[in-house]
Amino acid sequence: MKKCVFFVSDTSHWGPFHQLESLSRHWSTENISADVVQVSFEQPSGRPLKESTNFRFRQLILPRHNLFAFRQLEQFLRLVAPDTIFNWCGGPFVNLAARRTDCELIEAQFDRNQCRQNLSWKRLTRTPDLFVTNDSQLVEQRFGDDLPTRVEIISKMAGTATDDEKSGEVAREQLRSDLQISGDAKVVTSIAPLVPASSLKDLIWANDLLHCIRHDVHLLIVGRGPQQWRLQRFARTTESKNNVHFRDDLGDVAINGADCYWNSLSEAEPEGVLTAMANGIPVVSVIHSLDQDLLQHQRTVLGVERGRRDQFARWTKYVLEQSESIARMTCQAQDYVHRTRRHEIIVEQFERVFLGEMSGHPA
């Protein structure tokens, strides 16, 4: 039996860890022994894998000093002695420590911001034997002309509500209770890191425009990041200040209990968009070139030009008032992600690629 270790840095619900958690629920572990290690320089935030998964979870807190952190991670790898190291958005220290081992190194990367951080470590770290991503443009950004031996492009899987998760009316009631708002209030959710690139200020502005004609609409922003206090301060200056809510993490109920989902991210396959589509929640999204198949205006989403806050407000008003046409669009979106992003398809691709790499025979 092959022994493998997955390294992650952030275990918040919405992010790369969400994909690993979804993968672990369905991945057959007959031929592998799998551990997931959260690498952190402070008391880890987020949450461990759910008990229903097939992977074991542990946490590794590293010292702040770069040299000591590297040595501790290196000692950990010698102790565990894995056959394969999976750097699942775990940061450059994993590839650096892997230089002293002869085991296979597989890197999975879905975050452009983290790729930019890894560039400063490029010459020191080991090039992975296999690089997996959902964004072909991210490969060039990560490696330039110095490509790894193998590169695989695999789409993210869409998350749907399971029997033990809150969905439908239960999720709606729970979300409004968490936000302490009226039971018949409308909720628009957006999930993104609280950084300038997420353009969340545009969404707060759009909610203020919508508030001029709909006082019952509340904007929920889910995420963490350095811009949190600036966004909260800006929200307090708007007329709709009582209708803007910030939360670190609410799990699936943040989307399953919403009336509409807003996406302002210009990245490939945002977690929130896939989950909203899979669960029949209407999506109003910025349209960009990375997701031309996924983001089809008035077929799978209602499209917005970047920076056009008025379009976010106008299309959301349409979502709340044109139930019949919106129902057709959400059905089309749901059908599309179920055909192309359901877990059976994506897990099969990961198993083929990863287990093929671990056996020493590329799939």
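## The β11–β12 pair

In strand β12, V284 is the residue that W262 faces. Strand β11, residues 260-263, and strand β12, residues 283-286, pair in the parallel sense over 3 bridges. Strands here are DSSP runs of E with at least two residues and helices are runs of H or I with at least four, both numbered from the N terminus. Two strands pair if DSSP finds at least two bridges between them.

The model is predicted: local features need pLDDT of at least 70 and side-chain atom pairs count only at pLDDT 80 or more, while totals for chains, interfaces and linings use all residues. Residues are numbered from 1 along each chain as its sequence is written, and side-chain values use heavy atoms, with hydrogens and water left out.

## The six-stranded sheet

β11 and β12 belong to an open sheet of 6 strands, arranged in the order β10-β9-β8-β11-β12-β13 with parallel pairing. Its edge strands are β10 (244-247) and β13 (302-304), each of which pairs on one side only. Neighbouring strands of this sheet are turned by 20° against each other on average, direction ignored. Axes are lines fitted to C-alpha atoms, for helices over the stretch in contact, and angles run from 0 to 180 degrees between N-to-C directions.

Helix α6 (residues 168-179) packs on this sheet, where it touches β8 (186-191), β9 (217-222) and β10. The direction of α6 makes about 80° with that of β8. Contact means heavy atoms within 4.5 Å.

Of the 6 residues of β8, 5 are buried, that is, under 20% relative accessible area; over 50% counts as exposed and values in between as partly exposed, with a 1.4 Å probe and protein chains only. Strand β8 is joined to β9 by 6 parallel bridges, and T189 has L220 of β9 as its bridge partner. β8, helix α7 (residues 200-211) and β9 form a right-handed β-α-β unit. A crossover is right-handed if, with the strands pointing away from the viewer, the path from the first strand over the helix to the second runs clockwise. β8 also pairs with β11 in the parallel sense, over 2 bridges, and V188 stands opposite C260 there.

V188 lies in strand β8 and counts as buried, at 1% relative accessibility. Leaving aside neighbours within four places in sequence, V188 is in contact with V217, H218, L219, L220, C260, W262 and T316. T316 is 128 residues from V188 along the chain, yet their C-alpha atoms are separated by 8.6 Å.

## Helix α11

T316 is one of the buried residues of α11; the others are Q311, F312, A313, W315, V319 and L320. In an α-helix there are 3.6 residues a turn, so residues three or four places apart point the same way.

Helix α11 (residues 309-321) has 13 residues and reaches 19 Å from its first C-alpha to its last. This is close to the 18 Å expected at 1.5 Å a residue, the expected span being 1.5 Å times one less than the number of residues.

## The seven-stranded sheet

Another open sheet has 7 strands in the order β3-β2-β1-β4-β5-β6-β7, and the pairing is parallel. β3 (56-61) and β7 (150-153) stand at the edges with a single partner strand each, so one side of each has no neighbour in the sheet. From one strand to the next, the twist averages 20°.

Strand β2 (residues 32-40) runs parallel to β3 and is joined to it by 6 bridges; the bridge partner of V36 in β3 is F57. Helix α1 (residues 16-26) packs on the sheet, touching β1 (2-8), β2, β3 and β4 (84-88), and its direction makes about 135° with that of β4. Helix α5 (residues 136-143) also packs on the sheet, touching β5 (104-109), β6 (130-133) and β7; its direction makes about 135° with that of β6.

## Strand β4

β4 pairs with β1 in the parallel sense over 4 bridges, with N87 as the bridge partner of F7. A further 5 bridges join β4 to β5, also in parallel, and L105 of β5 is the bridge partner of I85. A right-handed β-α-β unit is made by β4, helix α3 (residues 92-97) and β5.

## Cysteines

The structure holds 0 disulfides, a disulfide being a pair of cysteine sulfur atoms within 2.5 Å. C212 is exposed, with a relative accessible area of 62%, whereas C331 counts as partly exposed at 48%.
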